[in-house]
Amino acid sequence: MKLTILYEDDAILVCHKPAGVAVQTARLGEADMESLLKNYRAEKGEEPWIGVVHRLDQPVEGVMVFAKTKEAAASLGRQMRERLAEKDYYAVTDGIPAQKKGMLEDYLLRDGRTNLSSVVAKTTPGAKRAALSYEVIKEGNGRAVLRIRLQTGRHHQIRVQLAHAGMPIAGDRKYQFREHVAPSGRGLSLCACRLVFRHPADKRKLEFEIDNPYTLS
């Protein structure tokens, strides 16, 4: 599998993760981003170490940053935990929001047995606040392309919140999409399109963005 490297220096690697590729996997014989990047470094004669500092669900494509040193991993991990990094997404929804711009705020509970999350009452033990803002970029044929910015980082957050709001993501078999068919033959129509963070060494602001891959034909 060919890697799409967007940026690289001595501390970090930024790449475009394809849909269908896991960030990490325990399955024998299945390539994941961590192993692919380790092999990439080894082929260049570098120490084959990669620090995973954030994740995307396996069906989701988009921009990711990986650390090449433990110091960089610590810095990037802190930025992710403290919500200092910015993350934007594109999603195709089955249903069009009544408001062209808005915010969704819910409380989510993760079920470790099923690996699914659900919207629950705020008072539910273990519930965590989830918030995102969105803007409609395109609409037609009963669907919309949303530009989404995460305010929190919860398990399956975008998928759960949009489904709960009555506009599940096209192609999402886990969260209520009725037809199980995505536009243009795609799987889950969710893309991490933009990532902003501070370089772990010199602290300069770095921003990476890819184009919207979705149409509403």
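## Reading the cores, a helix and an aromatic cluster

Modeller: F66 touches A11, I12, L13, C15, V23, M33, L37, I50, G51 and V52, leaving aside residues up to four places away in sequence. Bear in mind that this is a predicted model.

Biologist: Which residues have the most contacts inside the largest nonpolar core?

Modeller: A nonpolar core is a set of buried nonpolar residues joined through side-chain atoms within 4.5 Å. Here the largest one has 29 residues, and those with the most contacts inside it are F66, Y89, I148, I158, L162 and L190. Two or more residues each come from β2 (12-17), α1 (33-43), β4 (61-67), β5 (86-94), β8 (128-140), β9 (143-150), α3 (157-164) and β10. The largest share, four residues, is given by β9. Another core, of 25 residues, lies apart from this one; V63, A85, C191 and Y214 are among its members.

Biologist: How many residues of α3 are buried?

Modeller: The general idea for a helix is that there are 3.6 residues a turn, so residues three or four places apart point the same way. In this structure, seven of the eight residues of α3 are buried, so α3 is largely enclosed by the rest of the structure. The buried ones are Q157, I158, R159, V160, Q161, L162 and A163.

Biologist: What do the buried residues of α3 pack against?

Modeller: They pack against β5, β6 (101-111), β7 (116-120), β8, β9 and β10. Just after α3, G166 takes a positive phi of about 90°.

Biologist: Now the aromatic rings. How many aromatic pairs does a search of the whole structure find?

Modeller: Two. In one of them, Y7 and F208 are tilted, at 5.7 Å centre to centre with 45° between the planes. This pair links distant parts of the chain, since Y7 is in strand β1 (residues 5-8) and F208 is in strand β11 (residues 205-209), 201 residues apart.

Biologist: Are Y7 and F208 buried or partly exposed?

Modeller: Y7 has a relative accessible area of 23%, so Y7 is partly exposed. F208, at 11%, is buried.

Biologist: Why is the pair of F197 and F208 stacked?

Modeller: Planes under 30 degrees apart count as stacked. The rings of F197 and F208 have their planes at 25°, so the pair is stacked, with the centres 6.0 Å apart. F197 is in strand β10 (residues 190-198) and F208 is in strand β11, eleven residues apart. F197 counts as buried at 2% relative accessibility.

Biologist: Which residues form the aromatic cluster?

Modeller: Y7, F197 and F208 form one cluster.

Technical notes:
Residues numbered from 1 in each chain as written. Predicted model: local features only at pLDDT ≥ 70, side-chain atom pairs only at ≥ 80, totals over all residues. Heavy atoms only, no water. Phe/Tyr/Trp six-rings, centres within 6.5 Å; stacked < 30°, edge-to-face > 60°. Buried < 20%, exposed > 50% of the residue type's maximum accessible area, 1.4 Å probe, protein only. Contact = heavy atoms within 4.5 Å.
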